[in-house]
Amino acid sequence: MARNPNYDPLFEPVQIGPVTAPNRFYATPHASGMGTMRPNSSIALRKMKAEGGWGVVCTEYCSIHPSADETPYAFLSLWDDGDAELCAAIADAIHEHDSLAGIELWHGGFHSNNRGTREVCLAPSACSPEYAYPAQVREMDLTDIEAFRGWHRAAAIRARDAGFDIVYVYAGHEYLPFQFLSPRFNRRCDRYGGNFENRARLLRELIEDTREAVGDTCAVAVRLAIDELQGASGISADGDGRRVIEYLGELPDLWDIALGGGLGNDSCSSRFSAEGYQEQFARGVKSLTSKPVVSVGRFTSPDTMVGQIRRGVQDFIGAARPSIADPFLPRKIDEGREDEVRECIGCNICRAANNEAAPLRCTQNPTMGEEWRRGWHPEVIAPAKRSTSVLVVGGGPAGLEASLALARRGYRVTLAEAGGELGGRLLRESTLPGLQNWIRVRDYRAHLLGQLGNVDIYLDSPLQAAEIDEFGADQVVLASGSRWRRDGLGVCVREPIEIDTGAKILTPDDIFSGIDLAGDVLIYDDEHFYMAGALAERLLREGRRVLYVTPEARVSSWTAMTDEQGFIEARLGELGLETALGRRIEGIADGSLRLRVSGTGNLESLAFDNLVLVTGREPADELWAGFETPAARIGDCLVPSSIADAVYSGHRFAREFDENPVPPRRERAVIFAAGAR
Ligand code: ADP
Ligand code: SF4
């Protein structure tokens with residue numbers, strides 16, 4: 001199909017210093033949990049984005065020196081020529097598809113604990129390291145600063161020689177050059193501290209050093225956290241952030257505008273931000289510099305993207321998450337297939353992967369992180385070897401994804417869903433405050449299923465075991481989901497607890513089914529992800545009094561992984577949530593809960609009107625043993641987990657169905673010969 005002419009501006013080439021991007025789609029640097037630790041995966045990931053049409057494809061953060069070591073997190077490095085070989089392979093892979101390759105040179109300052117390298121931690125001023133660690137960070141003296149500039153120069157030369165087109169100076173996300181810039185972290189009294197020019201001195205020098213190092217074949221980009229959302233005490237878009245651009249505007253070839261004050265600000269989830277939410281900070285930068293500007297904002301709508309360009313907010317469409325959810329987003333828009341874009345839902349499961357030091361994964365894109373390991377391509381799937389009919393039971397994330405991937409392979413697919421609408425848990429969970437974008441997981445798949453001629457969908461079809469056999473499919477895929485437990489077993493409570501007969505226990509399933517709640521609500525959270533907090537938010541907004549009880553020390557503690565915990569705590573606090581933290585359930589009676597208080601070990605009793613347990617879940621797999629047709633279970637009905645895992649499970653089944661199982665490839669460390677370096 002032809003491209004919509006309204007979107008033509010997105011496909012204009014843009015000059016960045018000495019190099020030219022073929023279009024305005026700019027895959028910004030983002031952590032992938034791969035780096036030097038998983039080099040083959042890293043190459044394949046960036047290559048896929050280039051194939052998908054991103055005019056610029058950047059690497060993740062690339063450490064310039066062993067004093068920038070974030071073990072156990074995975075990062076790239078350019079410490080020596082050996083590292084440069086991997087980086088060159090990434091650049092080559094990006095170039096195979098004629099995209100520009102960008103590399104983000106990085107030093108973490110007090111973010112770098114150097115647990116792997118055991119180098120001294122460095123920062124503009126003495127402090128404690130970012131990640132809790134019983135050590136201190138040394139204030140850099142002038143010799144350290146000279147050495148640091150030398151490391152940066154050497155890494156820039158290696159990056160150029162490795163074939164990169166754009167070399168970054170990274171003054172974002174509270175890393176070292178930004179630590180010098182921000183008065184919150186820089187308490188120096190020498191020429192690198194105090195007034196604005198002094199605090200910006202290192203950044204200016206780094207830009208100049210990098211330019212000198214890479215010569216006139218590479219562009220120099222600066223990633224700047226223009227606002228750290230700390231008010232007057234920090235860098236702000238209408239204060240020192242703006243002054244940086246006024247002062248250094250013409251020095252680099254490109255400005256990549258980001259936010260500081262923690263990654264949660266810069267990759268804010270959809271629960272706490274809308275598409276294009278960073279415009280308020282990036283707007284105005286272009287009026288201060290003649291150089292191209294790029295910024296992110298979870299852009300998935302081509303109309304919004306064109307709006308950014310036409311209104312002069314930025315020259316590129318910066319994207320990390322949208323390029324993870326759909327590496328082929330630019331190509332699809334180019335080919336008039338924007339309705340096929342797998343839109344990011346802003347759930348931040350990708351951020352969780354990084355925060356867990358695990359390889360990247362994505363709710364919408366089950367192939368993410370599997371490009372090399374399993375050889376999965378997001379747009380290509382092996383055709384079926386034989387004509388087989390498959391009955392998929394359940395139209396939640398797992399059943400939808402399995403149906404779509406199987407149908408794309410050419411199988412004859414029938415999808416039976418008990419309810420009147422496709423979506424499974426998405427139907428319920430996307431009604432929670434802020435989670436409306438999550439329904440895109442259903443919408444993308446339902447839309448594409450509707451275009452395929454080899455799929456039949458039956459709604460309002462709760463199948464019984466006998467009906468499954470009667471249907472006569474060659475293969476059944478059971479995707480019937482899960483239900484919340486009522487016995488209190490969860491992450492912290494693993495042994496059965498005493499529950500009096502007659503004790504009235506509710507679960508999220510009851511709340512979603514619209515049960516009548518009279519009085520206050522006590523939510524006991526031993527799952528620690530979004531569910532308990534989001535339910536609490538809904539109930540508080542309905543005007544109810546909510547007491548949140550958990551064995552953990554914080555509300556929705558696991559959401560620290562999705563960079564949301566602080567936002568959740570703040571929002572629930574504003575809404576008047578009452579909390580009882582550090583309390584583990586020991587027993588439930590009619591109208592009261594017995595809790596063990598952590599630390600003191602005391603027993604406590606809490607009365608409740610309504611008790612909602614948000615603990616573990618169990619498979620809704622009653623059908624499993626009841627029919628004869630060959631079958632497999634996928635998603636929550638195999639093992640309850642995240643939506644991302646359900647989609648992955650469905651996709652994996654479809655990929656492996658009728659194929660000889662091939663174990664995933666593994667990244668392996670090299671064994672050196674004795675004496676070799
Ligand atoms: P998952 O995340 O694994 O996809 P969900 O709970 O989101 O699981 O979805 C499961 C879906 O399966 C729900 O939409 C539910 O209505 C449907 N389902 C469960 N049992 C049956 C059945 N016997 N026949 C048809 N659909 C079913
Ligand atoms: Fe978007 Fe969620 Fe995928 Fe991250 S994991 S790219 S937020 S859909």
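User: Which helices each supply at least two residues of the shell around ligand 2?

Analyst: A residue is near a molecule if one of its heavy atoms lies within 4 Å of it, and helices are DSSP runs (H or I, at least four residues) numbered from the N terminus. Here, in a predicted model, where local features need pLDDT of at least 70, side-chain atom pairs count only at pLDDT 80 or more, and totals for chains, interfaces and linings use all residues, α10 (321-325) and α12 (349-355) each supply at least two residues of that shell, and the largest share, three residues, comes from α10. Residues are numbered from 1 along each chain as its sequence is written, ligands are numbered from 1 in the order in which they are written, and side-chain values use heavy atoms, with hydrogens and water left out.

User: Which residues are around ligand 2?

Analyst: Among them are Arg 321, Cys 344, Cys 347, Cys 350 and Cys 362.

User: Where does Ser 182 lie, and is Ser 182 buried or exposed?

Analyst: Buried means under 20% relative accessible area, exposed over 50%, and partly exposed in between (1.4 Å probe, protein chains only). Ser 182, in the loop between α4 (176-181) and α5 (196-214), is buried, with a relative accessible area of 0%.

User: What is Ser 182 in contact with, leaving aside its neighbours within four places in sequence?

Analyst: Contact means heavy atoms within 4.5 Å, and with those neighbours left aside Ser 182 is in contact with Arg 199, Glu 228, Gly 234 and Ile 235.
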